[in-house]
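The following paragraphs are meant to be read beside the coordinates.

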There are 2 protein chains.
Amino acid sequence: MARPRYRRRKEDRPQEITEAAFAAFAEKGFTATRVEEVARRAGVSKGLLYLYFKTKEELFKAVIRSVVTPRLDALTRTLDSPDSSAEAIIRGPVLDFMKRVPGSPVSVVIRLMISEAPKHPDLVDYYWDNVASRGLAALRQLLERGVANGEFRETAVNELPQLFVAPVMMSIVWGIVFADRSLDTDKLIETHVDMILAYIRA
Amino acid sequence: MARPRYRRRKEDRPQEITEAAFAAFAEKGFTATRVEEVARRAGVSKGLLYLYFKTKEELFKAVIRSVVTPRLDALTRTLDSPDSSAEAIIRGPVLDFMKRVPGSPVSVVIRLMISEAPKHPDLVDYYWDNVASRGLAALRQLLERGVANGEFRETAVNELPQLFVAPVMMSIVWGIVFADRSLDTDKLIETHVDMILAYIRA
DNA sequence: ATACTTGCTGACTCTTTAGTCAGTAAGGGG
DNA sequence: CCCCTTACTGACTAAAGAGTCAGCAAGTAT
C-alpha cells in the first residue's frame with residue numbers, strides 16, 4: 001500500500017543512465033542498442049531519459065566522456081612518477097597500465113570509436129585532445145628523458161610512440177573480433193616491452 | 001531512338017553489385033549504408049539486388065568474401081617463397097605485404113569485422129579459418145624454420161605471431177579513427193620488423 | 001511476326017525505433 | 001491538509017528503411 005510508483009532522484013539519474021548505456025553499448029554497440037533498452041536497464045522511462053539527454057547521440061557522447069575522464073587521471077598519475085630511471089617507469093607503472101587496458105572500459109570505448117568515428121568527427125577530436133595526443137606526448141617525453149640521461153639511444157620510436165602501444169591495440173581488436181579464441185595479452189605486451197627496451201637501450 | 005531502358009546482364013550483375021556495396025560500406029560502414037544506395041551505385045533497382053542477394057546480410061558476406069578470396073592467394077604466394085633465409089623472406093616479401101595492408105581493401109574489411117563481429121559470428125569463423133589462422137600459422141612456421149636453421153633464438157614471438165603483426169593493426173585502426181592526422185605507417189612497420197629481428201636473432 | 005521466358009523495375013507494405021507530449025503523481029512549502 | 005512545482009510516465013507519432021511483388025519489357029526461339 002502507498003508504495004510510491006517511483007522516487008524523484010534528479011541528482012542520480014544522469015549517472016545511472018550513462019552507466020546503463022555503457023553496459024548496453026558494450027554488449028551490442030551504439031547503433032544496435034535501443035534507447036528503450038537503456039531506459040529499462042536504468043529503471044526509468046524513455047521519456048525521462050530524453051529529459052536528461054537531448055538525443056541518442058548526446059547520450060553516446062556523455063558515455064564516452066564518463067569513461068574517458070576518470071582514465072585521464074589514471075594516465076597522468078601513471079606518468080608523473082617519482083624520478084626513477086625511465087626504464088624502471090616503463091617496466092613498472094607504464095607496463096601495468098598497458099596490461100590493464102584490454103580488459104577495461106577503455107577497450108569498449110575504442111571499439112565504439114572505431115565503429116562510430118566516421119559519423120562523429122567531433123568525438124574523435126575530443127578523444128584525440130584528451131587521450132590519444134596526451135598519452136603519446138607523455139610517452140615521447142619519457143623516451144626523450146631516457147635519451148637525455150643516457151639510458152636510451154635516439155631511435156625512430158621517439159617520433160613513433162604508436163609503436164610502443166601497438167600490442168595493446170592488437171589485444172583490444174583481438175578481443176573484439178575473436179573474443180572466444182584466447183590470446184595471452186599480458187605476455188604479448190610484456191614481450192613487446194622487453195623487445196622495445198632491448199632495441200632502444202643505449 | 002528506341003534505346004532500351006535497361007540491358008539484361010545476368011552474368012555481370014553480382015560482381016557489379018558487390019563492388020558497389022564495397023565502395024559504399026567503405027565510406028559509411030555496413031549499418032549506415034542503405035540497400036537502395038548500393039543499388040543506385042550499381043545502376044540497378046533495389047528489386048534486382050534482392051534477386052541476387054537474399055538479404056542485406058548475405059550481400060555483406062558476399063562482399064567480405066570477394067575481398068578476402070583474392071588476398072588469400074597473395075598471402076600464400078608471399079609465403080611459399082624460394083628457399084632463402086628466413087630473415088631475407090621477412091625483410092622482403094613479408095615486409096612488403098605488411099606495408100601494403102593499411103591502404104588496401106583489407107583495411108576496410110577489418111573495420112567492418114570490428115564493427116559487425118558481435119552480430120556475425122559465422123563471418124568471424126570464416127575470416128578466422130581463411131585468413132587469420134592461416135596467416136598466423138604461416139608466420140609461426142617461418143619463425144620456426146629460422147630457429148631450426150640457427151638464424152633465430154626460441155622466443156615468445158614463436159607462440160605469439162600476433163606480436164609480429166601488431167603495428168599493422170595499429171596502422172589500420174589509426175587510419176580508421178584518426179584518418180586525417182597522418183602517421184608514417186611504412187616507417188612504423190619497418191622499425192617494428194627491425195626491432196623484432198634484432199630481438200629474435202640468434 | 002508472334003509467342004514465350006525471365007531479367008528487371010519501382011511502388012508498395014510492414015516493421016522498427018528515435019523522439020514527443022499530455023497527463024500523473026511525488027514531495028515540499030505554506 | 002491542500003496546493004503547487006516539477007520529476008516522471010507511457011502511449012503516441014513520424015520517419016526511415018528492409019524486403020516484396022505484380023507487372024513490364026529485353027531478348028530468344030519458332
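## From the core to the DNA

In this predicted model, the largest nonpolar core holds 103 residues, and those that touch the most other members are A:A21, A:M169, A:V173, B:A21, B:M169 and B:V173. One of them, A:V173, can be followed across to the other chain, for, leaving aside residues up to four places away in sequence, A:V173 touches B:I114, B:M169 and B:V173. In soluble globular proteins, nonpolar side chains tend to be buried together.

The relation between the two chains comes next. Chain A is superposed on chain B by a rotation of 180° with 0.0 Å of shift along the axis, at an RMSD of 0.1 Å. That is the relation of a two-fold axis. The contact between the chains takes 37 residues from chain A and 37 residues from chain B. On the side of chain A that touches chain B, helix 6 (105–116), helix 7 (121–148), helix 8 (162–177) and helix 9 (185–200) of chain A each supply at least two residues, and helix 8 of chain A gives the most, with 10 residues. By class, the residues on that side of chain A are 26 nonpolar, six polar and five charged. Because 100% of the interface residues of chain A are also interface residues in chain B, the copies meet through the same surface.

Helix 6 of chain B shows how one element is placed in this arrangement. Helix 6 of chain B has 12 residues, and the distance from its first C-alpha to its last is 16 Å, close to the 16 Å expected at 1.5 Å a residue. Nine of the 12 residues are buried, so helix 6 of chain B is largely enclosed by the rest of the structure. The buried residues are B:V108, B:V109, B:I110, B:R111, B:L112, B:M113, B:I114, B:S115 and B:E116. They pack against elements of both chains, namely helix 6 and helix 8 of chain A together with helix 1, helix 4, helix 7 (121–148) and helix 8 (162–177) of chain B.

Within helix 1 of chain B, the buried residues are B:I17, B:T18, B:A20, B:A21, B:F22, B:A24 and B:F25, and what covers them includes helix 2, helix 3, helix 4 (56–79) and helix 6 (105–116) of chain B. Just after the helix, B:G29 takes a positive phi of about 85°.

The DNA remains to be considered. DNA strand C is surrounded by 24 residues, of which A:G47, A:K56, B:R8, B:S45 and B:G47 are the closest. Helix 2 (35–42) and helix 3 (46–52) of chain A, together with helix 3 (46–52) of chain B, each supply at least two residues of the surface near DNA strand C, and the largest share, four residues, comes from helix 3 of chain B. That surface has eight nonpolar, four polar and 12 charged residues.

Around DNA strand D there are 24 residues, and A:R8, A:S45, A:G47, B:G47 and B:K56 come nearest. Here helix 3 of chain A, together with helix 2 (35–42) and helix 3 of chain B, each supply at least two residues of the surface, with helix 3 of chain A giving the most, four residues. By class, the surface near DNA strand D has eight nonpolar, four polar and 12 charged residues.

Technical notes. Residues numbered from 1 in each chain as written. Chains lettered and ligands numbered in written order. Predicted model: local features only at pLDDT ≥ 70, side-chain atom pairs only at ≥ 80, totals over all residues. Near = placed C-beta within 6 Å. Nonpolar A, V, L, I, M, F, W, Y, C, P; charged D, E, K, R; others polar. Contact = placed C-beta atoms within 7 Å. Core = buried A, V, L, I, M, F, W, Y, C linked by C-beta atoms within 7 Å. Buried ≥ 20, exposed ≤ 12 C-beta atoms within 10 Å, placed from the backbone. Least-squares fit on C-alpha atoms with pLDDT ≥ 70 in both. Expected span 1.5 Å × (residues − 1).
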